[in-house]
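Student: Could we look at this protein together and work through a few questions about it?
Tutor: Gladly! Have the sequence and the 3D view ready.

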Amino acid sequence: MYKVFVKDIPIILSTEKNIGKQYTSIPLKFARFKKLIKKINKGKLIYVNLYHKNEEKLERFLRKKLPVVEAAGGLVYNNKREILFIYRNGKWDIPKGRIEKNESHQEAAVREVEEETGIEGLEVKKFLTTTYHVFKRNGKFKLKVTYWFEMYSEFDGDFIPQIDEGILKVKWKNFEKTQKALRDSYENIKLLFPKEYLLTHPNDRVT
């Protein structure tokens with residue numbers, strides 16, 4: 001299964017026709033992807049499932065329908081189990097950026113985290129997941145495919161936000177502050193976190 005986020009609404013691509021009564025299920029061969037994106041942007045569609053029995057064809061479909069921009073980033077922990085966040089465009093986010101020519105996914109992830117935050121001493125622990133989201137640039141829809149890695153650093157110095165990339169703050173956040181930040185973040189970013197970070201007391205939820 002793939003979740004492709006348009007704003008914070010996921011288009012589901014799966015091998016199952018029925019994934020819930022609220023979903024409009026469309027065979028992959030009949031899907032008009034750009035029209036679906038426009039409907040979601042206009043608030044006319046919320047739950048959509050594109051299905052095909054062959055899972056390999058799902059991602060091939062995505063890469064064929066829109067120009068692809070590949071990026072990489074890192075979910076960084078320190079020795080206090082705090083997590084590294086950046087603040088950009090009015091939301092808390094995780095550092096990431098575009099992969100350069102002849103650069104591996106992991107190399108790009110480390111470079112982008114360092115450039116966007118000024119952190120040092122990064123150690124890559126493992127690959128986490130791949131996320132997908134649609135954005136618009138110069139009037140055209142594009143698909144951003146981001147490869148995420150779990151990282152570790154004992155850095156306790158001053159951060160240097162990459163201002164020319166719109167980053168205003170860089171912060172370590174503990175468990176409670178991470179939960180709060182994720183309520184003011186992006187849905188695709190939440191896929192990186194263990195479930196306990198996404199569970200909050202009902203009285204703390206933003207309405």
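Here are some questions and answers on this predicted model.

Student: How is the area buried between domain 1 and domain 2 described, and which three residues supply 46% of the area that domain 1 buries?
Tutor: The size of an interface is often given as the accessible area lost when the parts come together. Here that area is about 1100 Å², and carbon and sulfur atoms give 67% of it. On the domain 1 side, one trio supplies 46% of what is buried against domain 2, more than any other three residues: F5, D8 and R63.

Student: Which element gives the largest share of the lining of the largest pocket?
Tutor: Several elements give two or more residues to this lining, including β1 (2-6), α1 (33-41) and β10 (140-152). By class, the lining has nine nonpolar, five polar and 13 charged residues. The largest share, five residues, comes from β9.

Student: Is K96 buried or exposed?
Tutor: K96 is found in strand β8. Leaving aside its neighbours within four places in sequence, K96 is in contact with A72, G73, R88, E112, E116, T146 and W148. Buried means under 20% relative accessible area. The value for K96 is 13%, so K96 is buried.

Student: What is the phi of N89, and where is N89 found?
Tutor: Most residues other than glycine have a negative phi. N89 is not a glycine, yet its phi is positive. N89 is exposed, with a relative accessible area of 66%. It is found in the loop between β6 (83-88) and β7 (91-93), and its phi is about 55°.

Student: And what about the phi of N102?
Tutor: N102 is found in the loop between β8 (96-98) and α3 (105-117). Its relative accessible area is 75%, so N102 is exposed. N102 is a residue other than glycine with a positive phi, and the value is near 65°.

Notes
Residues numbered from 1 in each chain as written. Predicted model: local features only at pLDDT ≥ 70, side-chain atom pairs only at ≥ 80, totals over all residues. Heavy atoms only, no water. Helix = DSSP H or I, 4+ residues; strand = E, 2+ residues; numbered from the N terminus. Buried < 20%, exposed > 50% of the residue type's maximum accessible area, 1.4 Å probe, protein only. Nonpolar A, V, L, I, M, F, W, Y, C, P; charged D, E, K, R; others polar. Contact = heavy atoms within 4.5 Å. Buried area = accessible area lost by both parts, 1.4 Å probe.
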